[in-house]
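Please open the model in a viewer and keep the selection tool at hand. The tour moves from one selection to the next and says what is there.

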Amino acid sequence: MAEIKVLFVTSEIAPLIKTGGLADVSGALPVALRSIDVDVRVLVPGYPQVMAQLGPNEVVATFAELPGFPPSRLIFSIMKSGVPLLVLDCPSLYQRAGGPYSDPDGHDWVDNPLRFGLLSKIAAVLSCDESPLSWHPEIVHCNDWQTGLTGAYLSVSPGAVPNVITIHNLAFQGNYRPHKVQLLHLPPDSYDMNGLELYGNMSFLKAGLYYAYHITTVSPNYAREIQGDELGFGLQGLLQGRSSDITGILNGIDTEEWNSESDKHLPAHYSSARISGKAANKLALQTRMGLNQDADVPLLGVVSRLTHQKGLDLLLEIVPRLLELPVQLVILGSGEPAMQKNARYLAHHYPGRVAAMIGFDESLSHQIEAGSDMFIMPSRFEPCGLNQFYSQRYGTPPVVHNTGGLADSVVDCNADTLKDGTASGFVFSGMSTDNLYDTIKRAVDLYHDPRKWKALRKNCMSKDFTWETSAKAYRAVYYKVLGR
Ligand code: ADP
Ligand code: GLC
């Protein structure tokens, strides 16, 4: 089959820069696509974390006079995974302390429209006749609002190639005052209901969805949910209108990075057949986090952004009741100040039984996946979610809310599903503290039945979460868009 050339545009990529699941996807999907003859190159901003980790590299283009934008250049390098990288180096926009979207205090950078306007602009330049590169993509694959203006710029570019956009989270839209349309030198008539206008603002994501040839999102269930009022975040009308152009493709995971038999972050390795190393991980996690060293008490794990989306406020509320079961709880996360404070308070109030680490710690996230007995994800909505895959793979059955990709990837444990070997976690419907409590209690009860727990854990660990099938589904979308 002929190779397709694809420019994959993203605002984060693991292991160089990560705030969430988008980075994991951007790090792994291109590798899987390259293995099935899709020639993908990734365009990413040159944040300090990216620049500091670049291997051998060369400058392949400079953009001195793009109207509205400061001078920038493009640096070519190859990632350790083998994926070719185009780094957008623009020190005045990207070289600063803090994260990709916000300053060290967590406030969004005020010039984010310019920062991600430039990312979109360069993606467009590389995807039309103006490109200074000899490598010409046939498709540009955008991700989330940060890349959403690409299609708007391309709509007036000679020789523009088709663009596809993947929605990783419809809740983040990049909506700004309308005067940005001029400042970013967007086509003047693009500020329209049939364009990038959304309720009196200009919207990066609306632009992305309006101008894309095809829209994908990260699970089939979420693809349906975003066309409804509850989870459409104001864009459900547009999405309903484009229903036949939307495909839900479930994320995969990087099975080398997340392999309990070789994970470099783990103090002991294990597999489904040799599970004893899991107990050593539990003990090490309890020790590291200052929890009582107790092999028998069920240990609940959380690794998450601490935001309303993730529903952890419900979990924090029922901690006193849960501790009576009894259980232990370990939380790694950062986000909303009130939730961080509450997690810290509980750890302080229940020493030895609740532990909280506020911050971002890749190593600890692996140790929690491996060392916990069950993993808690009560998300109000979840486009896909990755931790429920990691926890299943690590033999740590997840407790999840029946939403988005969680519903597509976890099979509720009951007598039937245990018997037919499909059970892989615990699923609850209806966001309430009682429903969450009852479901965790159900998991804890099963935990105390070693034979059944072993069967459940084995099911989890034998599931296939590789990227292969999903990569093929993306390739099918590319072919469809190209009319092949
Ligand atoms: P989202 O992208 O909405 O945050 P996902 O479940 O798709 O949710 O992906 C989250 C990713 O970020 C996972 O790889 C998870 O392990 C990681 N992660 C989230 N919070 C932390 C943290 N505090 N420390 C380390 N890793 C984290
Ligand atoms: C977003 C979503 C998450 C998804 C991730 C990767 O951050 O919140 O559910 O797994 O993107 O697609």
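Is Ser-77 buried or exposed? Ser-77 is buried, with a relative accessible area of 2%; buried means under 20% relative accessible area, exposed over 50%, and partly exposed in between, with a 1.4 Å probe and protein chains only.

Before going on, note that this is a predicted model, in which local features need pLDDT of at least 70, side-chain atom pairs count only at pLDDT 80 or more, and totals for chains, interfaces and linings use all residues. Residues are numbered from 1 along each chain as its sequence is written, chains are lettered from A and ligands numbered from 1 in the order in which they are written, and side-chain values use heavy atoms, with hydrogens and water left out.

**Stop 1: Ser-77**

Select residues 72-78, which form strand S4, and find Ser-77 in it. Helices (H or I, at least four residues) and strands (E, at least two) are DSSP runs, numbered from the N terminus. Now show Pro-56 as well: the side chain of Ser-77 reaches the backbone oxygen of Pro-56 at 3.1 Å. A polar contact is a pair of N or O atoms within 3.5 Å; within protein, one must be able to donate a hydrogen and the other to accept it, and residues adjacent in sequence count only if both atoms are side-chain atoms.

**Stop 2: ligand 1**

Select ligand 1 and the 19 residues around it, of which Gly-21, Asp-24, Arg-305, Lys-310 and Gly-359 come nearest. A residue is near a molecule or strand if one of its heavy atoms lies within 4 Å of it.

Then look at the oxygen atoms of the ligand. One is 2.6 Å from a polar backbone atom of Gly-21, and one is 2.8 Å from an N or O atom in the side chain of Lys-310. A polar side-chain atom of Asn-387 lies 3.1 Å from an oxygen atom of ligand 1. On its own, ligand 1 has 560 Å² of accessible area, and the protein covers 93% of this; such areas come from the Shrake-Rupley method with a 1.4 Å probe, and for residues only the protein chains shown count as cover.

Color the shell by element next. H1, strand S13 (299-306), strand S14 (328-335) and helix H15 (387-393) each supply at least two residues, and S13 gives the most, with three. By class, the shell around ligand 1 has five nonpolar, eight polar and six charged residues. Here Ala, Val, Leu, Ile, Met, Phe, Trp, Tyr, Cys and Pro count as nonpolar, Asp, Glu, Lys and Arg as charged, and the others, Gly among them, as polar.

**Stop 3: ligand 2**

Which residues come nearest to ligand 2? Of the 14 around it, they are His-168, Asn-251, Glu-382, Cys-384 and Gly-385. Asn-251 has a polar side-chain atom 2.9 Å from an oxygen atom of ligand 2. For Gln-309, an N or O atom in the side chain is 3.4 Å from an oxygen atom of the ligand. Taken alone, ligand 2 exposes 310 Å², and the protein buries 92% of that.

Select helix H1 (residues 21-34) again: H1 gives the most to the shell around ligand 2, with three residues. That shell draws at least three residues from each of domain 1 (4-252 + 467-482) and domain 2 (276-461), with bounds from an automatic or database domain assignment.
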